[in-house]
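Keep the 3D view open as you read.

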Amino acid sequence: ANGNPYSADLNGSAYAYFFTYGATGGSSHYTALTRLPLANLAQAAQSAGHWQYLGTSGWTAWTTPAALPATAVHVMDVGPTEFTVRYHPAPTGQPGTWLAVMPSTVYFDKQGVYSVSKSLNGPWSRPETLYVYPEMQSSNPNYTPNVFCYADKEHPELESPGSLTFTYACNSIVVDEVLKNMKLYHPVIITMPQPAALDQAGQSK
């Protein structure tokens, strides 16, 4: 609120926030929250010593090379490697809602999902279906079992009141299919009504 994306910290508006992929071994993954002072965006190398991560004891200097420390808070129990998070304001006097748009992290789950929260650091809701990829359905005339879709991202610059616009892309694990099928590997733009979770929160974009 009031330009501060992390209202639990009075100086929260002085930072850029990053949802950061973390792994706990094997196929287990999660999303942590890290940040970098706006004044030090030009010195973003980790060795410069400006990065912080949200840990069990609060914001802590992130000095371990690359890997997140074991004390990093799992703000999301899923770990997509790319997605968007946007704050959707509510009517005056009501708290707004953060909306994360992402591909499902379940292998070949064939859908994009979304999650909502009242705070950057959660709790975030369990991912819900946003859109089922037609390219991954056997009824699609261009379907092959090798096609997968990913990279779901919201585009607020294309939205109108009450709508949600996002893109995704599809690829194939067989390179020859991508070379021969021009309907693959390009941005797909979808506009649809905003998720019910935002409506239920009293959203009015």
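A residue counts as buried under 20% relative accessible area, as exposed over 50%, and as partly exposed in between. By that rule F148, with a relative accessible area of 24%, is partly exposed. The model is predicted.

Start with strand β2, residues 28-37. Eight of its 10 residues are buried, so the rest of the structure largely encloses this strand. On one side of the pairing list is strand β1, residues 15-25. The two strands run antiparallel and are joined by 10 bridges.

Now widen the view to the aromatic rings. A pair of aromatic rings is described by the distance of the centres and the angle of the planes. The whole structure holds 15 aromatic pairs. One of them is F18 with W51, a tilted pair at 5.0 Å centre to centre and 55 degrees between the planes. The pair links distant parts of the chain: F18 sits in strand β1 and W51 in the loop between β2 and β3, 33 residues apart. F18 is partly exposed, because its relative accessibility is 31%. W51 has 13%, so it counts as buried.

A further pair is F108 with F148. Their ring centres are 6.4 Å apart and their planes meet at 45 degrees, so this pair is tilted. F108 lies in the loop between β6 and β7, and F148 in strand β9, so the pair ties together parts 40 residues apart in sequence. At 28% relative accessibility, F108 is partly exposed.

Strand β9, residues 147-154, leads on to the largest pocket. This strand gives the most to the pocket's lining, with four residues. The volume of the largest pocket is about 430 Å³. Its lining has 21 residues, and P103, S104, T105, C149 and Y150 lie nearest the centre. By class, 12 lining residues are nonpolar, six are polar and three are charged.

How values were computed
Residues numbered from 1 in each chain as written. Predicted model: local features only at pLDDT ≥ 70, side-chain atom pairs only at ≥ 80, totals over all residues. Heavy atoms only, no water. Buried < 20%, exposed > 50% of the residue type's maximum accessible area, 1.4 Å probe, protein only. Pairing = 2+ DSSP bridges. 1 Å grid on protein atoms, 1.4 Å probe; cavity = no way out; pocket = protein on both sides within 12 Å on 5 of 7 lines; lining within 4 Å. Points joined across faces, edges and corners; volume = space filled by probe spheres on them. Nonpolar A, V, L, I, M, F, W, Y, C, P; charged D, E, K, R; others polar. Phe/Tyr/Trp six-rings, centres within 6.5 Å; stacked < 30°, edge-to-face > 60°.
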